[in-house]
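I opened my notebook to look up pockets, rings and charges in one structure. These are my entries.

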Amino acid sequence: MTVDPNAATQSWPPPEPERRPGAARYLIPALVAAAVAVALGAYGKIHDPAGTAFNLAGFSSTGAVKSWLATVAFFFALVQLVSALMMYGKLPGPSWSGTLHRWSGRVAFLVAVPVAVHCLYALGFQSYESRVLWHSLLGCFFFGVFSAKMLLLRSERLPGWLLPIVGGLVFSALTILWLTSALWFFRTFGVTT
C-alpha cells in the first residue's frame, strides 16, 4: 500500500453534511402558542370569576388599575415598535436600540401579566358582547403569540421576515386589547385613577 504524501488529510469521523433547519423549529413554537392560547381560554371559561383579583392603593377601582397598567404596557409596546424599526434600519436610531427593544419588551410583558391575571381570575373568558368577546379572544392570542416569539428568538437562521411578522402580531394584539379595555374604560368612566 502506498500513501500519497500530497493528498489532503481527512478528519475522523468525517464531517456531517450541513443540514437545513426543519419545519419542526417553526411547528413547535406554533404548537406552544396554540396550547398557551387554548389553555388560557379554557381556564378563563371554566373558572368561576372572583370579581376582583387585586387593587392598588390610590386607585378608585380594579378597572382603573387594570386600565392604567394596560396603558403602561401599551406605551412600552410603542417603544418596542419604534426600536424594532430602528433595529431593522427603517428609522434612524442609536446603537443601543437593540437594548432598548429588549428592555421595553420586558417591561411591557411584566406590566401586562397582572392585567392578564386580573382578567382571567376576576372576570374569566366572557362573550356577552362583541367587544368583550374580542378582548377575551385576543388576550389568549396575545400570550400565545408572545410565547411563540420568545421561542423563535432562540432559533438560529430564521428567515428575515419571520420575527417582524410575529412581533407585529404581538403588537397588533396588544393594541386591540388596549383599545377594547383601557381606552373603552377611559371613554366610559373618564380618565380616573
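Entry 1: I need a cut-off before I start: a residue is buried when its relative accessible area is under 20%, exposed when over 50%, and partly exposed in between. I also note that this is a predicted model. I looked up Phe-186 and found a relative accessible area of 11%, so Phe-186 is buried. Trp-68 comes out at 27%, so I wrote it down as partly exposed.

**Entry 2: aromatic pairs.** How many aromatic pairs does the structure hold? I found eleven. Trp-68 and Phe-186 make one of them, with 5.0 Å from centre to centre. Their planes stand at 55°, and the pair is tilted.

I then looked up Phe-185 and Phe-189. They also form a tilted pair, 5.0 Å centre to centre, with 40° between the planes. Both are in helix H5, four residues apart, so about one helical turn separates them. Phe-185 has 9% relative accessibility and counts as buried. I noted one aromatic cluster made of Trp-68, Trp-184, Phe-185, Phe-186 and Phe-189.

**Entry 3: charges.** Which ring does the charged end of Arg-131 sit over? I found the ring of Trp-184, with 3.7 Å to its centre. The side chain of Arg-131 also meets that of Glu-129 in a salt bridge, at 3.3 Å from N to O. I count one salt bridge. Glu-129 has 35% relative accessibility, so I list it as partly exposed. Elsewhere I found Arg-106 over the face of Trp-103, 4.6 Å from the ring centre.

**Entry 4: the largest pocket.** I read its volume as about 870 Å³. It has 30 lining residues, and Gln-80, His-101, Lys-149, Met-150 and Leu-153 lie nearest its centre. Helices H2, H3, H4 and H5 each give two or more residues to this lining. H3 gives the most, with nine residues. By class I noted 19 nonpolar, six polar and five charged residues.

**Entry 5: the second largest pocket.** Its volume is about 710 Å³. I found 37 lining residues, with Lys-66, Cys-119, Leu-123, His-135 and Ser-181 closest to the centre. Helices H1, H2, H3, H4 and H5 each give two or more residues. Which element gives the largest share of this lining? I found H5, with nine residues. The classes are 22 nonpolar, 13 polar and two charged residues.

Conventions: Residues are numbered from 1 along each chain as its sequence is written. This is a predicted model: local features need pLDDT of at least 70, side-chain atom pairs count only at pLDDT 80 or more; totals for chains, interfaces and linings use all residues. Side-chain values use heavy atoms; hydrogens and water are left out. A salt bridge is a side-chain nitrogen of Lys or Arg within 4 Å of a carboxyl oxygen of Asp or Glu. Buried means under 20% relative accessible area, exposed over 50%, partly exposed in between (1.4 Å probe, protein chains only). On a 1 Å grid over the protein atoms alone, a cavity is a set of points where a 1.4 Å probe fits but cannot get out, and a pocket is an open set with protein on both sides within 12 Å along at least five of seven lines; lining residues have an atom within 4 Å of a point. Grid points are joined across faces, edges and corners, and a volume is the space filled by probe spheres set on the points. Ala, Val, Leu, Ile, Met, Phe, Trp, Tyr, Cys and Pro count as nonpolar, Asp, Glu, Lys and Arg as charged, and the others, Gly among them, as polar. Rings of Phe, Tyr and Trp (its six-membered ring) pair if their centres lie within 6.5 Å; planes under 30 degrees apart count as stacked, over 60 as edge-to-face and the rest as tilted. A charge sits over a ring if NZ of Lys or CZ of Arg is within 6 Å of the ring centre and within 35 degrees of the ring normal.
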